[in-house]
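User: I am new to this structure and would like a short walk through it. Could we take it step by step?
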Amino acid sequence: MNNLVDVAIEYGPTLLGGLKVSLTLTILSLALGLPIGLLFSFGVTAKNKAFRYISVFFVEVGRGAPALVLLQLMYYGLPNANITLSSMASACLALTWTTAAYSAELIRGGMQSVPSGEIEGSHALGMSYRDCLRFVVIPQGLRIALPSLMGFAVLLFQATSLAYSVAVPELMSQAYSIGSSTFQYLPVFIVAGLLYAAISIPATWLSVGAERLLSRHL
């Protein structure tokens, strides 16, 4: 126990710095991936074949390929095509792809859950198809999908630990580096796990609470 406390005190600032990188990577991936996911949610059912095929390709590959494979592809694969990205940019691009793919299906499911009566009512009021999407389908669909999107955000935060494989100095990378230099792997990884839990558990409770709250009004 004393060893654990000593590790937390001595290496806490370094681990917190890694946690900051993990949170930054999560926020960037969500900020970029969610709007693309919204676009793909329309694309997978679009009448335009080119748009539909492109959307289906990115969604299916993003969901079917492990995040670790996408990370390796961006960091080690793109240089073969004369495209070289930093480790942080590679990780952000890979996790953005994953976010866009999964959020596209979550958002599409949310929009398909909008009661047909709401849509029929908007048409009866003379709304155009575009206005119906803007003011009825998209807002209510996102509201329905919100708890699932929040749950996915927690999983994405945990998935940032994979970025250590491409040399991003996130929490897991810092923990492994400290363990390698001190050989105190057990206490270091326990502290790192507690830091992950300090973010993940409250965020999970928040998503469950949001689901219960929103279910009362659906």
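User: How far apart are the end C-alpha atoms of residues 23-44, and how much of the span is helix?
Analyst: The end C-alpha atoms of residues 23-44 are 30 Å apart, and the span is 95% helix and 0% strand. Helices (H or I, at least four residues) and strands (E, at least two) are DSSP runs, numbered from the N terminus. This is a predicted model, in which local features need pLDDT of at least 70 and side-chain atom pairs count only at pLDDT 80 or more, while totals for chains, interfaces and linings use all residues. Residues are numbered from 1 along each chain as its sequence is written, and side-chain values use heavy atoms, with hydrogens and water left out.

User: Which residues does the "transmembrane region" annotation cover?
Analyst: According to the unreviewed UniProt entry, that annotation covers residues 23-44, 144-165 and 185-208. UniProt positions are given in the numbering used here, feature names are shortened, and annotations may be inferred rather than shown by experiment. In the span 144-165, the end C-alpha atoms lie 35 Å apart, with 73% helix and 0% strand.

User: How many helices and strands are in the chain?
Analyst: The chain has eight helices and zero strands. Its C-alpha trace spans about 70 × 50 × 20 Å along the principal axes.

User: How much of the chain is buried?
Analyst: Of the 218 residues, 37% are buried. Buried means under 20% relative accessible area, exposed over 50%, and partly exposed in between (1.4 Å probe, protein chains only).

User: Moving inside, which residues of the largest nonpolar core touch the most other members?
Analyst: Leu25 and Ala91 do, in a core of 18 residues. A nonpolar core is a set of buried Ala, Val, Leu, Ile, Met, Phe, Trp, Tyr and Cys residues joined through side-chain atoms within 4.5 Å.

User: Changing topic, where is Ser122, and why does it count as buried?
Analyst: Ser122 lies in helix 5 (residues 116-124). Ser122 counts as buried because its relative accessibility is 4%. Leaving aside neighbours within four places in sequence, Ser122 is in contact with Met127, Cys132 and Val136.

User: Gly141 next: is it buried or exposed?
Analyst: Gly141 has a relative accessible area of 0%, so it is buried. Gly141 lies in helix 6. With neighbours within four places in sequence left aside, Gly141 is in contact with Gly110, Met111 and Val114.

User: How far is Gly141 from Gly64?
Analyst: Their C-alpha atoms are separated by 24 Å, and the two residues are 77 residues apart along the chain.

Note on methods. Contact means heavy atoms within 4.5 Å.
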